[in-house]
Amino acid sequence: MIDEKARPLLDKLLSSKKYADLCPDTVTRIFEDCLLRYKKPKDADKAAREKLHGMTGAFVLPDSTAADSLEALLHAHASTRERLPLSAMDALWENIESAIGTPDTILDLACGLNPLYLHHRYPDASIVGADISRWCVDRINEAGMEGLWIDLLTENTIPTSQFDAVLLLKILPLLERQQVGSSEKLMASLNAKHIIVSIPTKSLSGRNVGMSKHYGDWMAAHPPVNRSLTHTFETENELFYIWTENKDA
């Protein structure tokens with residue numbers, strides 16, 4: 001709960017231009033988490049600002065508004081930039097399709113700009129993208145898809161309708177660092193024929209620091225309930241897992 005001393009600090013965070021791109025639920029959640037860790041509201045405010053600072057501008061390039069093609073726009077976001085060129089993204093999805101077929105409905109959680117590629121590849125599919133970045137969500141809506149400005153750790157925000165595929169690309173380690181156990185809870189809540197998970201094998205700077213083994217061991221120890229691992233493969237920067245629902249579960 002936010003008390004009278006802390007409320008003005010949260011209100012200031014929520015109205016700050018610096019954090020205007022972040023989902024308000026994310027800002028509130030992080031501030032509340034910091035309040036539990038620090039006795040003084042001012043110390044919690046400082047810690048929250050440090051965490052929020054790491055979430056602003058870390059993924060989107062400052063000159064991204066100048067993008068004049070799909071590939072240039074995808075290059076503006078760190079996650080899709082690592083998967084370029086488009087031929088590499090095509091090869092990635094050919095691999096996924098070999099396991100799940102051609103999806104008609106896709107939910108991409110913590111999506112960044114990935115739905116723009118998905119719309120290019122599957123123009124007739126129903127695609128929903130969710131992210132804490134309003135800039136990314138606006139780009140998705142402008143392209144004619146459904147963009148959701150939501151925080152994945154906030155209750156009752158994720159769509160409950162069934163999807164052929166739900167994407168959790170490089171997000172589970174980030175969620176787990178914020179809230180232990182959140183990844184398993186999230187995967188158990190999804191209404192999907194297939195859950196496609198990826199974990200990073202290199203840092204954003206391209207360094208190999210043992211991430212593949214560390215996160216791979218974690219994934220092996222925390223499989224989603226009532227699902228079977230039907231396909232795994234690795235690209236230059238990611239290790240992919242495809243978890244398929246057990247029909248008799």
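Helix H10 gives the largest share of the lining of the second largest pocket: 4 residues. Keep in mind that this is a predicted model. H10 covers residues 182–189. Helix H2, residues 24–37, also takes part.

In total, 18 residues line the second largest pocket. Which of them are closest to its centre? Leu152, Thr154, Glu155, Asn156 and Ile158.

Polar residues number 8. Then there are 5 nonpolar residues and 5 charged ones.

Next, on to the strands. Please find E5, residues 192–200. Is E5 mostly covered or mostly open? Mostly covered: 8 of its 9 residues are buried. Buried here means under 20% relative accessible area.

E5 pairs with two strands that I want to show you. Take E4 to begin with, residues 163–169. E4 and E5 pair in the parallel sense, over 6 bridges. To see this pairing on screen, look for Val166, which stands opposite Ile195 in E5.

Then turn to E7, residues 238–245. How many bridges join E5 to E7? The number is 7, and these strands run antiparallel.

One general point about strands, while we are here. In a regular strand, side chains alternate between the two faces of the sheet.

So, to recap. Strand E5 pairs in the parallel sense with E4 and runs antiparallel to E7.

Terms used: Residues numbered from 1 in each chain as written. Predicted model: local features only at pLDDT ≥ 70, side-chain atom pairs only at ≥ 80, totals over all residues. Heavy atoms only, no water. 1 Å grid on protein atoms, 1.4 Å probe; cavity = no way out; pocket = protein on both sides within 12 Å on 5 of 7 lines; lining within 4 Å. Nonpolar A, V, L, I, M, F, W, Y, C, P; charged D, E, K, R; others polar. Buried < 20%, exposed > 50% of the residue type's maximum accessible area, 1.4 Å probe, protein only. Pairing = 2+ DSSP bridges.
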